[in-house]
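Good morning, everyone, and thank you for making time for this.

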Amino acid sequence: MPSVQRSSDVVESHSERAVMSGIAGVILLALGGVLWMFRGDGMFSILSLMLMAGGLGAVIYAAVCIAQARKVTCFKIECPYCHSAVSLLTAPDRDVSCRSCLRMIPIVDGKPIAVTQVRCGYCNALNYYSDKTIVLLCEECNHEIPISRADGQVAHSRFAVVDDERFYELKLVGFEHPTEDLLSTLQQALALNRNQVKDMLGELPVTLLSGIPKKKAEMLTAQLNLHGASCQFYPLN
Ligand SMILES: [Zn+2]
Ligand SMILES: [Zn+2]
């Protein structure tokens with residue numbers, strides 16, 4: 001698919017042709033004129049007339065090109081990242097690259113959509129995403145930056161940099177009191193009913209979850225520690 005044409009490119013190509021044929025026309029006219037003056041007894045008059053006719057044609061063509069360049073339509077959009085103006089021939093039907101900041105401008109219904117700023121958690125570089133972004137990789141360090149999506153999900157790519165890809169088993173090894181908070185935290189985390197959780201607490205140590213990423217094991221451990229419980233987790237392989 002050809003990309004959306006930029007007005008500046010089209011104007012440039014028209015102007016280039018105008019300049020080229022304008023110069024050629026002037027040179028031909030001048031040569032014809034010189035020959036006409038030194039035509040002697042008619043030897044060069046036909047050649048001189050031909051040169052001048054060619055020169056005139058070239059000058060007219062240059063004028064046509066200038067007129068075309070003036071007629072070029074211009075559809076201006078603003079880059080949502082760097083705010084520079086981008087002029088296109090028509091309303092864009094797909095994403096357009098910005099020549100100032102080299103980012104792709106997300107287009108919906110012929111207009112650029114808003115972008116959200118986010119800082120990279122690894123290198124603190126400023127990054128941007130829009131509703132069209134599926135996965136955001138930091139422009140500086142290529143780490144994946146989790147972005148919250150309209151549906152509340154967090155998108156992750158399979159190219160993301162993951163420090164630990166192993167799966168973990170999380171065990172509950174002890175607790176001070178079976179407090180209300182501890183019970184409801186366990187209920188929520190494990191999707192069990194109250195009685196199941198109480199039964200579970202009667203037989204320590206007990207495996208809470210198996211095959212979970214380290215992040216999740218750490219998160220749950222921290223949560224349960226708050227309620228007086230102690231946990232351990234081990235990698236499965
Ligand atoms: Zn830009
Ligand atoms: Zn980064």
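**From domains to strands**

What you see here is a predicted model, and its chain is divided into four parts, namely domain 1 with residues 7-70, domain 2 with 73-113, domain 3 with 115-161 and domain 4 with 167-235. To give you a sense of the spacing, the C-alpha centres of domain 2 and domain 4 lie 51 Å apart.

Let us look next at a sheet. It is an open one made of three strands in the order β12-β11-β13, and the pairing between them is antiparallel. Which strands stand at the edges? They are β12, residues 206-213, and β13, residues 229-235, and because each of these has a single partner strand, one side of each is left without a neighbour in the sheet. From one strand to the next, the twist averages 25 degrees.

If we stay with β11, which covers residues 167-175, we find that seven bridges join this strand to β13, the two running antiparallel. As one example of how residues line up, Leu170 stands opposite Phe233 in β13.

Finally, please turn to Met43, which sits in the loop between α1, residues 7-37, and α2, residues 45-71. Is Met43 buried or exposed? A residue counts as exposed if 12 or fewer other C-beta atoms lie within 10 Å of its own, and Met43 has 11 such neighbours, so Met43 counts as exposed. Met43 and Ala229 are 186 residues apart in sequence, while in space they are 113 Å apart, C-alpha to C-alpha.

Technical notes:
Residues numbered from 1 in each chain as written. Chains lettered and ligands numbered in written order. Predicted model: local features only at pLDDT ≥ 70, side-chain atom pairs only at ≥ 80, totals over all residues. Domains from an automatic or database assignment. Pairing = 2+ DSSP bridges. Helix = DSSP H or I, 4+ residues; strand = E, 2+ residues; numbered from the N terminus. Axes fitted to C-alpha atoms, helices over the stretch in contact; angles between N-to-C directions. Buried ≥ 20, exposed ≤ 12 C-beta atoms within 10 Å, placed from the backbone.
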